[in-house]
Amino acid sequence: MSRPRTLGRIFVDEVTLAHGGGGKAMKDLIDDVFVRAFDNPTLAPLEDQARLWISELSARGDRLAFTTDSFVVDPLFFPGGDIGKLAVCGTVNDLAVGGAVPLFLSCAVIIEEGVSLEILRRVASSMADTARAAGVQIVTGDTKVVNKGACDKLFLTTTGIGVIREGRQLSLAAARPGDVVLVNGLLGDHGAAILAARGDLALDAPIESDCAALHGLIEALLAAAPGTRCLRDATRGGVATVLNEIAEASAVGIEIDDARVPLRPEVRGFCEILGLDPLYLANEGKLVAVVPAAEASAALAAMRAHPLGREAVSIGEVHREEEGCVIMRTTMGGTRVVDMLVGEQLPRIC
Amino acid sequence: MSEGRAMKYVDEFRDGERARVLTRAITAIVGEIALAKRRPIQIMEVCGGHTHTIFRYGIEGLLPKELELVHGPGCPVCVLPMGRVDDCIAIAERPEVIFTTFGDAMRVPGSKRSLLGAKAMGADVRMVYSPMDALALAKKNPGRHVVFFGIGFETTMPSTALTILAAKADGVENFSVFSNHITIVPTIKAILDSPDLHLDGFLGPGHVSMVIGTAPLQFIARHYRRPVVVSGFEPVDVLQSLWMVLKQIKEGRAEVENQYARVAPEGGNGPALQAVAEVYELRASFEWRGLGSIDHSGVRVREAYARYDAERRFDLPSAQIADPADCQCGEVLKGVIKPRQCKVFGTTCTPETPLGALMVSSEGACAAYYQYGGVKRHLEVV
């Protein structure tokens, strides 16, 4: 460990191109905003890379999980979270749904000149709090400042490393006929919260993003249902997209029941008014789990005992028929195909 | 969807038990209609909103095979011709313009690109939920000119008319509407006049009737002797309306009935009609994608409101672009063929790269077949 050094300080109100220039201004910005917030011994020496002990990693499992994700959400702050919390939770969840224990993150920041230091500090502190609560460390990073208009305020990229315990084999291709499809709670909150927070709908919806790190819930689920076939966090494209990916990769059909899809009344009303389908709305704290029927009740009980899974339910089953397809049984008793969307969901005229 | 509490005016119209009662009644009545033994009874739902409900709730699968639904032309996004989309883009590409539009009009293909494509190339195209939002944007941006893409039947016509009246009252100079509003009655007439037609009855347009009332639909019953039931948009509405049409067929009646009386008054909405009449006048003809040019089927802004008319303000290419030769939208619209029987369905014409009108919006019959019927699903729906 290097000797403790004095962290630089920054006294201006806005980020300028000088803070991306590689000189003292940049070092002060990184020190004052990020190093101070993230505060951990692996980051502190500020080498060009974080150095991780292989022995520590291999003590926890036999495979590394490695993932990356970029975050460009607008607005930066929304009910239930912000871009910083999202960037930590998103990458933690991408590791956790592979059965990994998330350990280390990197954080790359692209800042549009003119962004206030106050925004930057709030985001850094949110990242630090979320990482601490999730038990992961942000151990390396990068900062760039770009011209006005070259990015929208702030873009974040987090890369994560976790370790997968021996024997765990979760896979999108592992669903089998007879399996049960579970979700850990109410769907569509994040997508609806973001749309409402953008403010151009003239709709005041009291909906908070469900943004949360799911690895604790996942550990509890896997302990109760070790035969779990696959897990996926239902982010962009929503549950409908995840189910389609599973159906295709596993070469099975999936049938879900409209009456069992859990929705908050506010999200349901929001979708009714705007002509949106909640199955395609993004979630940031919801996962789809496919478990063998024999373990379904244990899996549900374990999720419901966890604060992030209180409203967990089974929404459908895996079938041999209609390979590659997701079918919904409607409340009318009819069926329809729930396909992937071509692009973004656009509200209907009438 | 499971719900914590019931949603009024929604849940009771999506009730599975009511639906089962109605589907049993429909099957029974179809069995009593002699015509159904010779060929399937064809009922057209005029509105895209009905089409969407039929697919979203899997209603076709609940009906006896002797009853066929024909998905009508009532999707304003779908029937917009390419030349008009090109005009939109020409307006949107002007540096002073903020072009505002409803969401699902963003993806309608023009001859080169859609509004979504134009936005990607740098045009300032913004999605709004109401023309009043566009007017507010104009007030906030006095240095720019805000154009609202006026699209839709009589359902949305009053809201753009009222917005133009509000712009005039507030003295807003930097706002105009590009009117692509169309009117459904001449189009139903054109469909009824086509020689290859077998339609036996109609689900009448609920939202349009909310504005114009049910009287303008009388000609379908009186002149063409076809039953019409103005229908709501929830699945139980659609099933009940189908049963009402079938009952008329069985009893040899042809009348205009109103299943949607909770929303659509017989006499329509007076103030809305007044605003429309004040601001708009009928065009001699308007072109429909898939159906060609139909007399008196579109409206434009009256001379008195010329300063709010984007068509007069801007020099537009206004090219007539023929529908692609392989496209069979017209035959699908008239119920002559089903979407799946079209030569290009699911091959060169998909929601990603729509050739024809009906693949464009989720209310279009072909897009609904594709999305909810699933091309991956090898069940024969035809």
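Trainee: Let's start with chain B. How many helices and strands in its secondary structure?

Mentor: Chain B has 14 helices and 13 strands. Keep in mind that this is a predicted model.

Trainee: Why call chain B as compact as a globular protein of that length?

Mentor: Compare two numbers. The radius of gyration of chain B is 21 Å, and the globule rule gives 21 Å for 382 residues, so chain B is as compact as a globular protein of that length.

Trainee: And what does the C-alpha trace of chain B span along its principal axes?

Mentor: About 65 × 50 × 45 Å.

Trainee: What percentage of the residues in chain B is buried?

Mentor: Buried residues account for 54% of the 382.

Trainee: What about contacts in chain B between residues at least 6 apart in sequence? What share joins residues at least 24 apart?

Mentor: That share is 76%.

Trainee: Domains next. Where do they run in chain B?

Mentor: The assignment gives domain 1 as 6-323 and domain 2 as 329-374. Their C-alpha centres are 18 Å apart. Domain 1 of chain B puts 30 residues into the contact, and domain 2 of chain B puts in 18.

Trainee: Which elements give two or more residues on the domain 1 side?

Mentor: In chain B, those are β1 (41-47), α2 (48-56) and β2 (67-74). α2(B) gives the most, with six residues.

Trainee: How does that side divide into nonpolar, polar and charged?

Mentor: On the side of domain 1 of chain B that touches domain 2, 14 residues are nonpolar, ten are polar and six are charged.

Trainee: Pick one residue for me. Where does Gly335(B) lie?

Mentor: Gly335(B) is in the loop between α13 (329-333) and α14 (365-374) of chain B.

Trainee: Is Gly335(B) buried or exposed?

Mentor: Buried. Gly335(B) has 22 other C-beta atoms within 10 Å, and the cut-off for buried is 20 or more.

Trainee: Which residues is Gly335(B) in contact with, leaving aside neighbours within four places in sequence?

Mentor: Gln42(B), Met44(B), Val70(B), His198(B) and Leu199(B).

Trainee: Switching to chain A. Where are its domains?

Mentor: Domain 1 of chain A covers 17-164, and domain 2 covers 172-337. The C-alpha centres of these two domains lie 28 Å apart. Their contact takes 21 residues from domain 1 of chain A and 20 from domain 2 of chain A.

Trainee: Which elements supply at least two residues on the domain 1 side?

Mentor: For chain A, α3, β4 (100-112) and α4 each do. α3(A) gives the most, with eight residues. That side of domain 1 of chain A has twelve nonpolar residues, six polar and three charged.

Trainee: At what angle do α3 and α4 of chain A pack?

Mentor: About 35 degrees. The axes of α3 (83-96) and α4 (117-134) of chain A are 7 Å apart.

Trainee: Is the crossing of α3(A) and α4(A) left-handed or right-handed?

Mentor: Right-handed.

Trainee: Which residues in α3(A) and α4(A) meet?

Mentor: From α3(A), they include Ile83(A), Ala87(A), Val88(A) and Val92(A). From α4(A), Val123(A), Met127(A) and Ala131(A) are among them. This helix contact has ten nonpolar residues, three polar and one charged.

Key. Residues are numbered from 1 along each chain as its sequence is written. Chains are lettered from A and ligands numbered from 1 in the order in which they are written. This is a predicted model: local features need pLDDT of at least 70, side-chain atom pairs count only at pLDDT 80 or more; totals for chains, interfaces and linings use all residues. Helices (H or I, at least four residues) and strands (E, at least two) are DSSP runs, numbered from the N terminus. The radius of gyration is taken over C-alpha atoms; the globule rule is 2.2 Å times the number of residues to the power 0.38. A residue is buried if 20 or more other C-beta atoms lie within 10 Å of its own, exposed if 12 or fewer, and partly exposed in between; C-beta atoms are placed from the backbone. Two residues are in contact if their C-beta atoms, placed from the backbone, lie within 7 Å. Axes are lines fitted to C-alpha atoms, for helices over the stretch in contact, and angles run from 0 to 180 degrees between N-to-C directions. A crossing is left-handed if the near helix is turned anticlockwise from the far one by less than a right angle, and right-handed if clockwise. Ala, Val, Leu, Ile, Met, Phe, Trp, Tyr, Cys and Pro count as nonpolar, Asp, Glu, Lys and Arg as charged, and the others, Gly among them, as polar. Domain bounds come from an automatic or database domain assignment.
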